[in-house]
Amino acid sequence: MLIVGIAGGTGCGKTTVVNRIMEVFPNNEVIVLPQDAYYRDNSHIPLEERQKINFDHPDSVEFPLLIDHLKRLRKGSSVEMPVYSYLTCVRAEETITVRPARVVLVEGILILTDKDLRNMFDIKVFVDADADDRLGRVIQRDIVERGRSVMNVLERYHDTVKPSHLQFIEPSKRYADIIIPGGGENQVGIEVLISIIEKHLSKEKS
């Protein structure tokens, strides 16, 4: 099993890169474990307090569970991936069954900050993008998908997103084997990653 970690700041285009890869390969060959599914359950905290949680801090992610799931998949076992809601900041009761595949893409802003998780990746990728471009995407996404106002998004960006990016995410770029500048618009960088995965799959088949 080839495990590829795809990191980068909020709004950098990680999801676009993952989607481009998934378009090339059948679902049974490549699967995705998004870091967002592994945010800690906060159902014990009042909703008002939950909405103040800094989701750009490594402490917000349950890395041991994600690592355990990767180990189980590598051994050939299926796992039950959590379903997390950004609107309520809690895990749903239902889970998603994920079956083993030849390639696993682990995608998220903080995945290169955890040493134990980092050591599980065969390839470490950092999707890089200009801060202004990332902010524009964050504003658009949070308004449409998370029901936030522009002022709320900007306040959150300056209070937690930007400081956490500079403290945790940007420094984790030094661990990357491949850096894709320009985010999801960098077709050449994406094709390089696709060719590496194709090479792994063809080697496995032969």
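First, the ground rules. This is a predicted model, where local features need pLDDT of at least 70, side-chain atom pairs count only at pLDDT 80 or more, and totals for chains, interfaces and linings use all residues. Residues are numbered from 1 along each chain as its sequence is written, and side-chain values use heavy atoms, with hydrogens and water left out.

Let's start with strand β6, residues 123–128. Helices (H or I, at least four residues) and strands (E, at least two) are DSSP runs, numbered from the N terminus. In β6, 6 of the 6 residues are buried, so the strand is largely enclosed by the rest of the structure. Here buried means under 20% relative accessible area, exposed means over 50%, and partly exposed is in between (1.4 Å probe, protein chains only). I123, V125 and V127 point one way from β6, while K124, F126 and D128 point the other way.

Who are the neighbours of β6? Strand β1 (residues 2–7) runs parallel to β6 and is joined to it by 4 bridges; two strands pair if DSSP finds at least two bridges between them. V4 has I123 as its bridge partner in β6. Strand β7 also pairs with β6 in the parallel sense, again over 4 bridges. There, F126 has I179 as its bridge partner, and D128 stands opposite P181.

In a regular strand the side chains alternate between the two faces of the sheet.

Now find R118, in helix α4 (residues 115–118). R118 is buried yet has no salt bridge, and the nearest side chain of opposite charge, D114, is 7.1 Å away. For charges, Lys and Arg count as positive and Asp and Glu as negative, while His and the chain ends are not counted. Leaving out residues up to four places away in sequence, R118 touches I111, L112, T113, K124 and Y175, where contact means heavy atoms within 4.5 Å.

Which charged residues do pair up? A salt bridge is a side-chain nitrogen of Lys or Arg within 4 Å of a carboxyl oxygen of Asp or Glu, and by this rule the count comes to 8. One of them joins E29 and R102, with the closest N and O atoms 3.2 Å apart. E29 sits in the loop between α1 and β2 and R102 in the loop between β4 and β5, so the pair ties together parts that are 73 residues apart in sequence. E29 is buried at 12% relative accessible area, whereas R102 is partly exposed at 30%.

Another salt bridge links E62 and R91, at 2.6 Å between the closest N and O atoms. Because E62 is in the loop between α2 and α3 and R91 is in strand β4, this pair ties together parts 29 residues apart in sequence. D68 and R72 also form a salt bridge, at 2.8 Å, and they are 4 residues apart in helix α3, about one helical turn. Salt bridges that share partners also join D128, E170 and K173 into one network.

Finally, look at helix α7, residues 187–205, where I196 is found. I196 counts as partly exposed at 31% relative accessibility. Together with V188 and V192, I196 makes a nonpolar surface patch of about 230 Å². Patches are made of residues with over 30% relative accessible area and no salt bridge, joining like charges within 9 Å and nonpolar side chains (Val, Leu, Ile, Met, Phe, Trp, Tyr) within 5 Å. Accessible areas come from the Shrake-Rupley method with a 1.4 Å probe, and for residues only the protein chains shown count as cover.
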